[in-house]
4 protein chains.
Amino acid sequence: MTEIGIGIVGGGYMGKAHAVAMSSVGAVFNTALRPRLEMICARSTASAQWYRHAYGFARATDDWRVLVADPKVEAIVIASPQDTHREIALAAFALNKPVFCEKPLGASLSDSQIMTKASVGHISMVGFNYIRTPASQFARQLISQGAIGDITWFRGEHTEDFLADPKSPATWRTSGEANGTMGDLAPHMINGALALIGPITSLVADVETVHQARPEGTVTNDDHGQVMCRFANGAMGQMYFSRISHGRKMGFAYEITGTKGAIKFDQEDQNALWLYTADEPEATRGFRKILIGPAHPDYENFCQGPGHGTGYQDQIIIEARDFLQAIETQTPVWPTFQDGLDVTQVVAAALASSRTKAWVDVQPA
Amino acid sequence: MTEIGIGIVGGGYMGKAHAVAMSSVGAVFNTALRPRLEMICARSTASAQWYRHAYGFARATDDWRVLVADPKVEAIVIASPQDTHREIALAAFALNKPVFCEKPLGASLSDSQIMTKASVGHISMVGFNYIRTPASQFARQLISQGAIGDITWFRGEHTEDFLADPKSPATWRTSGEANGTMGDLAPHMINGALALIGPITSLVADVETVHQARPEGTVTNDDHGQVMCRFANGAMGQMYFSRISHGRKMGFAYEITGTKGAIKFDQEDQNALWLYTADEPEATRGFRKILIGPAHPDYENFCQGPGHGTGYQDQIIIEARDFLQAIETQTPVWPTFQDGLDVTQVVAAALASSRTKAWVDVQPA
Amino acid sequence: MTEIGIGIVGGGYMGKAHAVAMSSVGAVFNTALRPRLEMICARSTASAQWYRHAYGFARATDDWRVLVADPKVEAIVIASPQDTHREIALAAFALNKPVFCEKPLGASLSDSQIMTKASVGHISMVGFNYIRTPASQFARQLISQGAIGDITWFRGEHTEDFLADPKSPATWRTSGEANGTMGDLAPHMINGALALIGPITSLVADVETVHQARPEGTVTNDDHGQVMCRFANGAMGQMYFSRISHGRKMGFAYEITGTKGAIKFDQEDQNALWLYTADEPEATRGFRKILIGPAHPDYENFCQGPGHGTGYQDQIIIEARDFLQAIETQTPVWPTFQDGLDVTQVVAAALASSRTKAWVDVQPA
Amino acid sequence: MTEIGIGIVGGGYMGKAHAVAMSSVGAVFNTALRPRLEMICARSTASAQWYRHAYGFARATDDWRVLVADPKVEAIVIASPQDTHREIALAAFALNKPVFCEKPLGASLSDSQIMTKASVGHISMVGFNYIRTPASQFARQLISQGAIGDITWFRGEHTEDFLADPKSPATWRTSGEANGTMGDLAPHMINGALALIGPITSLVADVETVHQARPEGTVTNDDHGQVMCRFANGAMGQMYFSRISHGRKMGFAYEITGTKGAIKFDQEDQNALWLYTADEPEATRGFRKILIGPAHPDYENFCQGPGHGTGYQDQIIIEARDFLQAIETQTPVWPTFQDGLDVTQVVAAALASSRTKAWVDVQPA
Ligand SMILES: NC(=O)C1=CN([C@@H]2O[C@H](COP(=O)(O)OP(=O)(O)OC[C@H]3O[C@@H](n4cnc5c(N)ncnc54)[C@H](O)[C@@H]3O)[C@@H](O)[C@H]2O)C=CC1
Ligand SMILES: NC(=O)C1=CN([C@@H]2O[C@H](COP(=O)(O)OP(=O)(O)OC[C@H]3O[C@@H](n4cnc5c(N)ncnc54)[C@H](O)[C@@H]3O)[C@@H](O)[C@H]2O)C=CC1
Ligand SMILES: NC(=O)C1=CN([C@@H]2O[C@H](COP(=O)(O)OP(=O)(O)OC[C@H]3O[C@@H](n4cnc5c(N)ncnc54)[C@H](O)[C@@H]3O)[C@@H](O)[C@H]2O)C=CC1
Ligand SMILES: NC(=O)C1=CN([C@@H]2O[C@H](COP(=O)(O)OP(=O)(O)OC[C@H]3O[C@@H](n4cnc5c(N)ncnc54)[C@H](O)[C@@H]3O)[C@@H](O)[C@H]2O)C=CC1
């Protein structure tokens, strides 16, 4: 049992999630490396101190450079806004420290490219947590084992409704390309699509801002966007991303059809995977609702009973396990910065297609 | 109670459905006009006679011209394959007889245009039955009353799996544009989209044949197709059509988001409509599953108890009621041939877009 | 194709349903006997005449004796209130005419016994329609084929909410034992339990009136009742019946567990049956939602497409088919009056148990 | 931030869950007391040492007396089999140490009574975790606020299928009353019923062993049991408990009807609560699926996004928060040993009723 000093930049929504994950991942997965909450950084000293106390860190700072440079900080989690990701990651790699960076990788395609280049030879990981549920890991397994045959069709969405009310005021979320729906929400599902089906070769997209005028300001990034695409394996696909989808709270959902069956999943019921296989007698065929349990990836460490359920926080614990394992074994674990860049390429292609109103090829990252 | 002599061309899947509907529509809706099953037509004398006996018609013929011309046949239902629709309809209009024509209107855009032109001044109707369920009629009402605000997003699909098995042999269904997925299945949902959201102004589509080689022949029409579009009211939309969607048996389904709420529907559970309205307190908001009953359109005539359910055949009875009413009042009832042509225009635009790989404008019909 | 003259007593909710069924059953099932709507009877001449016209009967009367005695009335459907069932049935049997009687069989145990005795040697049938859906017929098949092994547990309910509002006024439904929940609603599910699992040998019940004072009167029959029982095959079971179950519109629902699997059904989604079989690998086990189609009993005659759905009225058409077949073949078709009496015995036992607060044995009918 | 030394007896299924909870509860809830994993106990030294290492405890022992007596162990979690609960709890109370005891409270009614008596004046808590989900806490809130009116009906179940296969061998679980379905699973739902509806006054039950002969031994405790009851508030209820319910993995589920609405919940989809309120217009009434989020109890500390979901482990973290708070404030937090005893009384009454085949009154604990 070797300790490793963890430094987290950002103590908000995701900073807390990673702090909690680092507190429990050792007990959950009996990891070789055991995190020690060494230092937390936030924009102000007051908030940094508050987070230190609340989450149980040893020290706090309002300067991420201090955190990155601290010798007792041996691995860095970036949970601050997208426009801070590049600089922090580069500084960490310069000191040869492993970096876990929240999604999206960089605040722009160029940032992501620079970060990916810098990550070569280092341990890097990107925070695509939704694809880490036991259910979605199992979906990947089923597909790769050929359970539903060759894939003919994919439909994915990442839909939420936190800005569905036109009277919700403008905030930092409503400006900056990387904070719009394509920049901020789409990466989860695009990463999901790449993981489940494989590379996207071409696409056509349509992106727009529905509510331009909001109380307290003008919105300058996109509310929703739709994509139609082709995958390298020939499958067709559609995706939709939205922060204005009334009724959808965590709409990371997909439907996949193959030549032998089909799979459906919706993160709002994250402990079930729906599977249809065509090899049943006609009278007893149907989508079966599989409740996730110890027979599925990464579940048993959380609970011995099937159907008892994992939740959002557990996805972050799985990420922490993978990050620690990558560090310990000095072997990259998916998804690395390169995988994050693949996603950014698709986002960039979609934004370009929406501007030109034409099909575009996706550049290999 | 005035009788009206009905002639049906075709005694297969839909010919039977219309025969049954004409037998019971009077008792269900207490219609002013009461159908008399006068004559049925099929390709062979033997089958025509068999249908006559089975469905209870007075007479049978193997020549639709005889049926159309017969003086006791006062209204005509066309339930034969798409390539027969044009000639029969034209002959009927020439005798000033009302025509109900199964979808799709014509076997081609040109057929549909000719038929629509010929229908002017006559009673015409097209067989878009799915949009006639009490649930989908109620969805239309809710939208037009502004229950979910301005529409921002539409997703529709018509998916089935009758050709999902690559080993299913080639048949007449696997050749002829009008028998492919875009020609045969898409019209239902496109008509649904137009009815629910309004005209489509532009679209981009991708259509393909997945299983080109089948036992007993080569497939020359499309297995599935996807569309991305804009509506005249500004809403974005996606559609998908498929006959190879394993697990989907009657996947006429849509999701509609507006600025105040959302609606979901799936024909596989046709007696429920899901409604989300944003005007609830946050803690008690959620999609509600409304079970269709006497409070909804065209339900009470079938059953006094809510949630007791209508089925496929009942949609055809509702169509028959509307057709009889159009004849009696000599006033067109939606959807007329013009409405059918609107749908064909969208299908034509989608096929064109798929060939040119570009966004195309939809021609007003 | 032989015609048979049908007389229906009652033109309300169920009188209409049977009139519609008799209008279309011939076309749907290509029956040997073809119903002719000969005469309808209602309490007043005016309403009888109105029904005659609306449903398309040849003649009308306000005296059921006239109807029963009429030589052109060859089969009788009793769709009038429970307290009229006995007299009408007896008169019909006296003339050796076949009788279809709506549920519950008689207005009391004694009535049911007399009716059952009188039915011997005649064609009789009771209107338990819910068990006639293709889904529930398929459930019966699965169980009898051993698909879920030996039955260990049954849970059934028949719940609706038409009197859930305490401010709903008292009516004829709120007095008379046969009009209470145990008398009126429970028979459907008790019949279902007997059909699915087999005879009930003993039970304990608890029945009560929740809202005794209603606008316009005092309620003298029961609002809801619960039963715990043992079946002859050893299975345990629970049932619940209610007319005050807010949110339940057609809550005819059951769950059945066996030693090899389980089945679930809810009439509110009557076109799906849920099946779990334990013989799958652990990772892919789950309840599968089977959409009913041509592979299931009595579906294909309504529609060739799976998942397209049947509804309430279609159940009554299936009943009509069975009644006509029983008449034509002069062979009893389940459920006869004897089967209706079996149900009444269970209801009587439940009411007795609720009074004595003790387990009681169910008398073999 | 005051540390508190935690000792856990048992390192299996629940010992681990509590160890993980104690590791993260501080960061999740920013608790005043911060757990320090001081000592873990298991039956053998080897396993105790293994657990120490895996979960991150400072020390280990194979003698619970050592753990209880250790001065650095300031609070005790009992996560060992039921027959060890009494002795450990008594020893801890003798040293005035707070005790969290896994359910069921004692191995028998007498044990539970002795433990409850001993708990007076001390901090005690019982591990009823399922009722702690944000969804079930919200259900309790809704009911107590009168959202569904006066309760008329309750149906609860705790069903799993870990022994559904008759070929599963006999183990320690298949002997000992406290390890049977009534002893081991029923307490969760009985506690739920008491929390949601209030005290049970009388009941009748039927309990049995379905599979008496299993490989490797004879089963001497119960496989399933059913209960029918009355609550002090007059509501009727039914419950079912089973370890042989094929298809049910975590079937802690309830349906509650009141005079103004209804609530449904199923732990297998633990992040949704279904609510029906009768005060909507008839056309838009329906059960709404509320996705749990920050507007509901104890959710926001786990995630800021609604619908993102909590899981099994999070329930245990909520328990840990309550236990720490009780200790810090020296004020009992529900459910104490007294509440655990209330549950045991109901179980005892059910077993008695099953033996005597009669309704029995439930003794106030
Ligand atoms: N994987 C997921 O499910 C989610 C990922 N995210 C991602 O996590 C990252 C953080 O987002 P949230 O936690 O929602 O933001 P937040 O606003 O809740 O917290 C941001 C934190 O970063 C700190 N911060 C800001 N600028 C800083 C700077 N220059 N130096 C040091 N600290 C600074 C703030 O003080 C604050 O503690 C973003 O990249 C976002 O896209 C956010 C939400 C969900
Ligand atoms: N609205 C809906 O849900 C559906 C609509 N349809 C439409 O209904 C129409 C009929 O399709 P199905 O009933 O499935 O076909 P089918 O193959 O089951 O029956 C076709 C009938 O037309 C007759 N027929 C063929 N050629 C004829 C001719 N030249 N003259 C007279 N009779 C002729 C055949 O003898 C046969 O009775 C098509 O336009 C189809 O697209 C089909 C299925 C469902
Ligand atoms: N199977 C099912 O799903 C249902 C069965 N039922 C059963 O059907 C029967 C009729 O109930 P509803 O149709 O709901 O009643 P309703 O009140 O809608 O209609 C009753 C009809 O009986 C007629 N009638 C009453 N007394 C008569 C008399 N002495 N002679 C001749 N006609 C008389 C009335 O004029 C009226 O036309 C009852 O036995 C009821 O339990 C009712 C509803 C559903
Ligand atoms: N709340 C819930 O969801 C659940 C509660 N439980 C309850 O938790 C308790 C433990 O059950 P599991 O964790 O499933 O059992 P388990 O068999 O997984 O673990 C039992 C642990 O207790 C230890 N142990 C046994 N006898 C001991 C003794 N005399 N002294 C010290 N340690 C001893 C064993 O070494 C082992 O580490 C039981 O009371 C059970 O009813 C169990 C499962 C779920």
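Predicted model: local features only at pLDDT ≥ 70, side-chain atom pairs only at ≥ 80, totals over all residues.
User: Hi! Which residue of chain B comes closest to the rotation axis?
Analyst: That's B:A358, with its C-alpha at 3.0 Å from the axis. Residues are numbered from 1 along each chain as its sequence is written, chains are lettered from A and ligands numbered from 1 in the order in which they are written, and side-chain values use heavy atoms, with hydrogens and water left out.

User: Thanks. What rotation and shift superpose chain B on chain A?
Analyst: A rotation of 180° with 0.0 Å of shift along the axis, giving an RMSD of 0.0 Å. That is the relation of a two-fold axis. The superposition is by least squares on the C-alpha atoms of residues with pLDDT of at least 70 in both copies.

User: And why do the copies meet through the same surface?
Analyst: Because 100% of the interface residues of chain B are also interface residues in chain A. Contact here means heavy atoms within 4.5 Å.

User: Switching to cavities: how many are there of 30 Å³ or more?
Analyst: Seven, from a search of the whole structure. A cavity is a set of points, on a 1 Å grid over the protein atoms alone, where a 1.4 Å probe fits but cannot get out; lining residues have an atom within 4 Å of a point. Points are joined across faces, edges and corners, and the volume is the space filled by probe spheres set on them.

User: What's in the lining of the largest cavity?
Analyst: The largest cavity holds about 130 Å³ of space. It has 16 lining residues, and C:E255, C:T257, D:E157, D:S245 and D:R248 are the closest to its centre. By class, the lining has six nonpolar, four polar and six charged residues.

User: Last one: which residues come nearest to ligand 1?
Analyst: Of the 26 around it (a heavy atom within 4 Å), A:G11, A:Q82, A:K103, A:N129 and A:Y312 come nearest. A polar side-chain atom of A:Y312 lies 2.8 Å from an oxygen atom of ligand 1. For A:K103, a backbone N or O atom lies 2.9 Å from a ligand 1 oxygen atom.

Methods:
1 Å grid on protein atoms, 1.4 Å probe; cavity = no way out; pocket = protein on both sides within 12 Å on 5 of 7 lines; lining within 4 Å. Nonpolar A, V, L, I, M, F, W, Y, C, P; charged D, E, K, R; others polar. Polar contact = N/O pair within 3.5 Å; in protein donor to acceptor, adjacent residues only side chain to side chain.
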